[in-house]
Amino acid sequence: MNVVARRLPLLDGVEKVTGALRFAADIPVEGALCVKLALSPRPHARVAVLDARAALAAPGVVAVFWHENTPRRRYNSAIWAEGQTAPEDETMFPEIVRHVGDRVAAVVAETQDAAEAAAKLLAVAYEDLPAILDPAEAEPIAETSFAVGDVERAFASAAVVVASRVSTPKTHHVAIETHVALAAPAEGGRVTVWSPCQSVFAVQAVVAKALGIEGDRVRAIKTPIGGSFGGKAEPILEPIAAFIALQLGRAVRLVYDRRETCLATRMRSAAVADIRTGLAADGRIVARDTQILVDVGAYCTGGHWLPGSMAQRLSRLYAVPNKRYRGRAVLTNTPPTGAFRGYGTPQINAVTEINLDLAARALGLDPLWLRLRNVVRPGASEPYQGLDVGNARIRDCLILGARAFGWFRRRRGAAQRSTPRLAVGIGLAAATHINGCYPADDEASTVTLALKRDGRVELALALHDLGSGALTTLVQIAAEALGASPPAFDVTPADSDLSAYDLGTRASRTTYVCGEATRRAAEALKAEIRRAAARLMNCAADDLDGAEGALRRRWGPQQSLSFAALAEALAARGEALPAATLTHTASANPGSYAAHFAEVVVDRLTGRVKLAAYLAAHDVGRAINPMLVEGQIHGGVQIGVGFALYEDVDVDPATGRMRGDRLSRYHVANAPELPRIETLLIEKGEPSGPYGAKAVGEIATVPVAGAVVNAVNHALGADLTQLPLTPERICAWLDARDRPGRET
Amino acid sequence: MSALAAAAPRDRAALATLLAEAAGPVAFIAGGTDLLVAPRALPCAGLLVDLSRARDLAAISVDRDALRIGAAATLAELAVHPQIRALAPALAEAAALCGSVQIRNRATLGGNVATASAASDITPALAGLEARFWTLSRDGERLRPFEALIPAAGGSGLAPGEAIIAAEIPLPRRGRSAFVKLGPRDDLAIARLNLALEAEFDGARFGAVRLFAGAIAAAPQRLRRAEAALAGRAADAATLADFDRALSAEVEAAIPGRASLGYKRRAVVGLGRDLLGRLA
């Protein structure tokens, strides 16, 4: 391997750190109109009267849009292709607002200041409607159930049965770049939309649906993205910007501030689960019953898929012979939720991993040993969809991770290292996640690779690098296959007019699916290049080896031909330059696996949790770029620590207002809260992935909450199951234990 | 209405001239860490005076009677200044825990006091150190007691057009001081509770004690019961147990019925022990 497995810096890294890269909000658009949205202060109400006269009379104001003068067409922003069906309950500006922060109106003006000043002049009368803020009182919009074996009989035979109620919060993505969309009318009645999106075809499909126009009237172009984590998977502002641009015949710039991004985009869904696990005396899981209620908020978005997604992830970690699952998604009058790193897996994983540790304690078993006893083996078939889990190296993650972390040594020494005030605890969690959308029928990716006249290579696909380094990774794959060097590549970003259809950056599919498509396209281009060079060099194509952007004869006369010289020679002869376009359709969905290990110190007086040590062991198949893989793990742990200890959007159960609508009140884990994060990569190869690679980005955040909560519970001998584990919750538990009968 | 004018006097004298000549309303800005970020808006009219460019307003000096800290000194400067660390460690520690590195590099002592946040880290430390303030307005320079600028009812006691130009901590300090803070995370967090203490010692016994808590009232709250639990007593287990109980009782009295009471009543004990630990 020449290029794969190398720690290449991000190809766009210098541009990013020098500020040369232009994000969407920084792109100057000549004469663009500015927009300020008015958001609902009520959780559920009819917009009875909207008087826009004062706003329209204000200087610089061009138009005001609300439910009376915008399409009432319903759509679902979670679709990613035209014709895809999903429950349609969202409108650009609803007559009946469904959550605090729902969109009431758009004020369009020549400047942002004018739009903001005029938005304050809107007079809106609301008629309040009953609001459902408690998911337990809400109606399900989707339900998934499945069962295997004889669950009740297995529970009856179990040595212990441990039941837990685990709850996880709604959390924000907190990408540095807030939501933004630019739009401009184009020739032929078309509209061009620029946005930091995860799929240009999703933007095209949702805009077309919301506006009631044909998809080919919408051109979507991806801009560089300042963080997404799933938050920009759904087009939210794009339909509005496109509508205004078409309506007024002018370019439009719509940029949310932090508070608007908190209130009126998407977030992680909240979950409450009742789980029961039955263990045999030897530690085998004999039965498990999982009932999970997912609060998806005010609009369906992709929430109807979540119960099934959770069932899928639940089914590929442990071999459980008898199990029952029921997942329900409900709508409430709280802000809508959507994709967020892990797509339901962090929630369902926290449920099983916290419960499993409490079960291990009940049986007096070491949590590591209990997991080793039950994890799936490579090549196992999972019971929910019957898919092969692939080269599932969860045992390696657990065994090698535990050894590197010093699991037994730390665990034995925890009590000794504790003081009356500071309790030391050690915890771990195992996890799995998917690689793409297979068996969905459009799980495919099309890549074009072409030699250009200057000898450089163009890589074209509908790529959306979310900052993870996907661009660098794919170029490394192409460079490896082609025998070229990574700087010799030019990558065309996703553009719905230019790119072949691709379902976008989601579902941990970029490296595994798009990467394999890239590898195959590069192999095809290499064959084309060798054929062309063989003619020029008067030898057989099989005699030529490619390396570092040139072809060399394997034997005979020392002869080499650079890609640039080849391109020039072909162009001089008027011959077409070598190019290859290839569609790769996935035929498997192996699991990625991980085990995370945490040591915490809990202050029994203040309830503060300090992460003292952390190790993340990941089965990545093969690390195309180990540095970027480690970066993904570090970022995943940062999000997971917030989910475990700090973050909650905190919607008031009485008023529906969100307390965590600004970063002074919503606390993510920053660098000072994090220990050095050790990583251990298990590289045993996934046969269907490019050079054996599989996904890491999403799974990196999945086991964190389980590992951290289990460590806290170990430290205190507690059974805390309500996330996040705030100091208040920890102290409330300690108070209740110290003074039984006085506190609950 | 006339537009907003801005001025950045280079020293105290230029500031005095500016204030004497200003006709309309005058507002002040220093580090801008509150005024430049939402949700607080800048004034739209009158004169906005930037105090951060006045070099002599950032001076820190010590003479026989007082430690004088210019209002434009940044919190980052306070945190590492050798004389503040030696004579008024509670203030240096509070400055070091306020905001983030970036905020501390911009935020000023005077700005923090003028903002008069109930959750300020700086004002409890200043209260514990018996600080008073020099202010300047068109009427000239005035020495103002702590309570005049930071009234118990909350808010700032500054008159319109009056700027803080220095804080003054009387010398000598007979006691040792310390500051501790409880926030929602380790760094870049607004205090949920903080404590500033100055204690004198008489051998192994506590002498006079001054103890203030922040973030449980509109202004730094003097904890007299907790002071009494320490004052004049030996630093032994019985005293510490009384101090723990007194701190919890103080919190119960300060925020009765508040949702955070149950938590803060317990956490203040941990914070109190950390505080005494810093004196040792």
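Phe146(B) counts as buried at 9% relative accessibility, where buried means under 20% relative accessible area, exposed over 50% and partly exposed in between (1.4 Å probe, protein chains only). This is a predicted model: local features need pLDDT of at least 70, side-chain atom pairs count only at pLDDT 80 or more, and totals for chains, interfaces and linings use all residues. Residues are numbered from 1 along each chain as its sequence is written, and side-chain values use heavy atoms, with hydrogens and water left out.

**Aromatic pairs**

- Over all chains, a search of the whole structure finds nine aromatic pairs; rings of Phe, Tyr and Trp (its six-membered ring) pair if their centres lie within 6.5 Å, and planes under 30 degrees apart count as stacked, over 60 as edge-to-face and the rest as tilted.
- Phe146(A) and Tyr384(A) form a tilted pair, 5.1 Å centre to centre with 55 degrees between the planes.
- Phe146(A) lies in strand 7 (residues 140-148) of chain A and Tyr384(A) in the loop between helix 10 (367-374) and helix 11 (394-405) of chain A, 238 residues apart; helices (H or I, at least four residues) and strands (E, at least two) are DSSP runs, numbered from the N terminus.
- Phe146(A) is buried at 14% relative accessible area, whereas Tyr384(A) is partly exposed at 26%.
- Ring pairs join Phe146(A), Tyr325(A) and Tyr384(A) into a cluster.

**Helix packing in chain A**

- Helix 8 (residues 306-314) and helix 9 (residues 345-363) of chain A pack at about 50 degrees with axes 9 Å apart; axes are lines fitted to C-alpha atoms, for helices over the stretch in contact, and angles run from 0 to 180 degrees between N-to-C directions.

Terms used
Chains are lettered from A and ligands numbered from 1 in the order in which they are written.
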